[in-house]
Amino acid sequence: MRAALTHLGAAVTAGVWRLGYAARFFGYLLAHSGTAFRRFGLTVREIYFAGVLSLIIILVSGLFVGMVLGLQGYDTLQRYGSSEALGVLVALSLVRELGPVVAGLLFASRAGSAITAEIGLMKATEQLSAMEMMAVDPVARVVAPRFWGGVISMPLLAALFSAMGIFGGYLVGVVLIGVDEGAFWSQMQAAVDVREDILNGVIKSVVFGFAVSLIAVFEGFDATPTAEGVSRATTRTVVTSSLAILALDFVLTALMFTGGN
Amino acid sequence: MTRSTIDLWVGVFVAIGLGALLFLALKVGNLASFSTAETYRVEARFANIGGLKVRAPVKSAGVVVGRVAEIGFDNEAYEAVAELTLDARFKFPRDTSAKILTSGLLGEQYIGLEAGADARMLADGERLRLTQSAVVLENLIGQFFTSKAAEGGEAKGAK
């Protein structure tokens with residue numbers, strides 16, 4: 001009993017300790033982000049790895065999610081004789097929720113894990129210490145470009161996911177099933193508000209971008225410098241970012257969509 | 001992979017990402033319509049607005065000519081006050097009547113305008129005098145039952 005309590009206490013203390021370290025790390029990272037923008041080539045390279053190489057998985061997933069939404073939505077809506085509302089259903093669910101959230105989850109597992117593994121391995125092979133020896137700040141040189149690359153990529157990927165999903169819904173709904181094309185687009189345009197829906201979706205994806213990138217670089221930077229440590233850090237990145245995305249999504253949705261109507 | 005090809009790919013990525021945002025804003029959202037058009041406001045008072053919402057369309061002859069900008073409550077007359085913004089291209093006579101209608105059986109409610117015959121046109125800030133409230137299903141059912149009950153009473157009296 002006593003041992004269990006001691007263990008629990010130690011775990012909580014370690015968690016709070018890590019949280020504080022992560023907050024300080026975030027502050028330090030923001031303060032030393034100058035290099036990432038002055039030598040923008042470094043960040044562009046990270047946008048390539050985090051963003052461009054994630055394009056395939058994002059576009060294909062978006063297409064399939066949109067197609068499934070089209071099929072499922074049509075099946076339910078046609079029972080109430082309102083299959084023209086398919087466009088509204090597909091667009092609102094993608095732009096408000098699925099776009100940012102699913103793109104965020106995919107981004108965390110595709111790019112976040114890679115960032116953690118890369119930084120963790122650099123730490124394990126003492127490349128970060130070597131940089132410090134040469135008076136190069138590894139946070140400014142290695143961490144910040146990866147962080148900002150992720151932050152810039154994430155909203156663009158989420159927008160592409162939503163656009164692709166709507167195209168998928170159009171493909172299934174209009175081309176395959178034969179919902180009226182005019183009604184599909186016009187009802188969508190009447191129901192989707194630029195500020196209320198699209199801007200809020202973009203804000204969500206920006207917040208997720210910050211959260212996932214921060215978790216990824218922090219886990220890498222904080223990894224135990226062994227093979228096992230790096231693998232655990234990579235796993236933790238995916239788990240923590242997924243949980244963070246879903247929890248943040250709830251908070252943001254509660255803030256954005258409960259006041260208006 | 002040399003640096004320049006990476007730059008090219010990142011450029012393509014950012015361009016199609018922004019393109020997707022633009023697509024969402026213009027084609028999926030309604031940024032293009034009604035944000036630039038000039039409008040004027042008129043007021044309509046209803047005894048009951050039913051389920052009318054802000055941003056609901058205002059239609060005349062089935063064509064969207066404006067939107068509901070604001071819904072308020074007049075605490076002296078106990079009436080609902082709806083502020084409508086109408087597209088400045090469309091002018092309506094002063095005795096135009098406003099009705100709250102429902103699109104389809106389960107659809108959302110909108111305001112239908114029926115043009116009158118007055119020679120003078122509505123100006124900004126004026127009020128639509130002739131209004132018809134929303135049909136509330138509960139009231140309708142209540143009326144149906146009262147009239148049925150009345151019929152039953154008459155039938156008994158005749159016997």
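Colleague: Where do I start with chain B?

Modeller: Take contacts in chain B between residues at least 6 apart in sequence: 63% of them join residues at least 24 apart. Two residues are in contact if their C-beta atoms, placed from the backbone, lie within 7 Å. Do keep in mind that this is a predicted model, where local features need pLDDT of at least 70, side-chain atom pairs count only at pLDDT 80 or more, and totals for chains, interfaces and linings use all residues. Residues are numbered from 1 along each chain as its sequence is written, while chains are lettered from A and ligands numbered from 1 in the order in which they are written.

Colleague: How many helices and strands does chain B have?

Modeller: Elements are DSSP runs, numbered from the N terminus: helices are H or I with at least four residues, strands are E with at least two. Chain B has 2 helices and 8 strands, and from the N terminus on they run α-β-β-β-β-β-β-β-β-α.

Colleague: And what percentage of chain B counts as buried?

Modeller: A residue is buried if 20 or more other C-beta atoms lie within 10 Å of its own, exposed if 12 or fewer, and partly exposed in between; here too, C-beta atoms are placed from the backbone. Of the 159 residues of chain B, 20% are buried. In chain A, helix α1 has 1 buried residue out of 30, so α1(A) lies largely in the open.

Colleague: How should I read a nonpolar core?

Modeller: The general idea is that nonpolar side chains tend to be buried together in soluble globular proteins. A nonpolar core is a set of buried Ala, Val, Leu, Ile, Met, Phe, Trp, Tyr and Cys residues joined through C-beta atoms within 7 Å. The largest one here has 73 residues, and A:A91, A:V143, A:L157, A:L160, A:V212 and A:V217 touch the most other members. Elements supplying at least two residues each include α7 of chain A and α1 of chain B. The largest share, 20 residues, comes from α7(A). Apart from this core lies another of 20 residues, B:I49 and B:V58 among them.

Colleague: Which residues does A:L157 contact beyond its sequence neighbours?

Modeller: Leaving aside neighbours within four places in sequence, A:L157 is in contact with A:G51, A:S54, A:I58, A:A103 and A:F107.

Colleague: At what angle do α4(A) and α5(A) pack?

Modeller: Axes are lines fitted to C-alpha atoms, for helices over the stretch in contact, and angles run from 0 to 180 degrees between N-to-C directions. α4(A), residues 55-77, and α5(A), residues 86-124, pack at about 145 degrees, with axes 10 Å apart. The residues of their contact divide into 14 nonpolar, 5 polar and 1 charged. For these classes, Ala, Val, Leu, Ile, Met, Phe, Trp, Tyr, Cys and Pro count as nonpolar, Asp, Glu, Lys and Arg as charged, and the others, Gly among them, as polar.

Colleague: How many residues of each chain meet across the interface?

Modeller: 25 residues of chain A are in contact with 19 residues of chain B. α7(A) gives the most to the chain A side, with 6 residues. By class, that side has 18 nonpolar, 4 polar and 3 charged residues.

Colleague: What about backbone angles?

Modeller: Most residues other than glycine have a negative phi. A:A135 is not a glycine, yet has a positive phi of about 60 degrees. A:A135 is found in the loop between α6 and α7 of chain A, and counts as exposed because it has 6 C-beta neighbours inside 10 Å. B:Y78 has a positive phi of about 55 degrees and lies in the loop between β3 and β4 of chain B.
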